[in-house]
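Biologist: Hi! Could you walk me through this structure?
Modeller: Happy to, here it is.

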Amino acid sequence: APNNSWNREIAGLGKLVAATGTCHGINPTLYPKWKSYAAGSVGAISDDALRLAKDTVGFETGLDESGVEFILITTRGISSNYADTQLPLRRHVNTQKLQGGFSTVMFDDNPIFTDDACPPGTLYGLRVPKLMWATMKDWSWMDEDGAVLSRVPGRDQYQAVLYSYMQMLTTERGAHFVLSGITDKIR
């Protein structure tokens, strides 16, 4: 059976954090405050590029962009490149210990997380309090026929369907930023 999830999946950061395109029915061409700061062709990642993005978001929205409520998400290569820029400036890279025993590199007391699903050469800056989940139906097993497991025809297998009706939302698209065209050594 074909995958019927086209236009039914959770909106990703590419849609939520952008300077163009309609999001949640609002067009940034008509409402300029409804666009994220976006910079392309950044090149080598640097404190200057990150600070410009955070300061621009803060200036445009009036939000204080300092504090741990702001996070950065990027690829392993960009995170590694950023850590490399810090080595000549410090004896060790500034890191933070996270729950579960993981560590992360920091920029201005904001953690830089890596995500293997992040597009190559891209870094997202997210103001966490401006993101939310709208959930109509929490995770559940599809069992309308009375059984969670169904036999797969012609195979020695069973299958089950886990589903949820939810969407990721932003309450202020301009509170986030995206940098692209960053030198990425992994991909």
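Biologist: Where in the chain is confidence lowest, and where is it highest?
Modeller: Confidence is lowest in strand β3 (residues 95-97), with a mean of 61, and highest in strand β11 (residues 177-179), at 97. The score is pLDDT, the predictor's confidence in each residue, from 0 to 100. Helices (H or I, at least four residues) and strands (E, at least two) are DSSP runs, numbered from the N terminus. Where pLDDT is low, the predicted coordinates should not be read in detail.

Biologist: What average pLDDT does the chain have?
Modeller: The average is 86, and 86% of the residues score at least 70.

Biologist: New topic: is Thr-75 buried or exposed?
Modeller: Thr-75 is buried because its relative accessibility is 2%; buried means under 20% relative accessible area, exposed over 50%, partly exposed in between (1.4 Å probe, protein chains only). Thr-75 sits in the loop between β2 (70-74) and α3 (76-86).

Biologist: And how far is Thr-75 from Thr-114?
Modeller: They are 39 residues apart in sequence, and 5.1 Å apart in space from C-alpha to C-alpha.

Biologist: What about Leu-149, buried or exposed?
Modeller: Leu-149 is exposed, at 53% relative accessible area. You'll find Leu-149 in the loop between β7 (131-141) and β8 (150-151).

Methods: Residues are numbered from 1 along each chain as its sequence is written. This is a predicted model: local features need pLDDT of at least 70, side-chain atom pairs count only at pLDDT 80 or more; totals for chains, interfaces and linings use all residues. Side-chain values use heavy atoms; hydrogens and water are left out.
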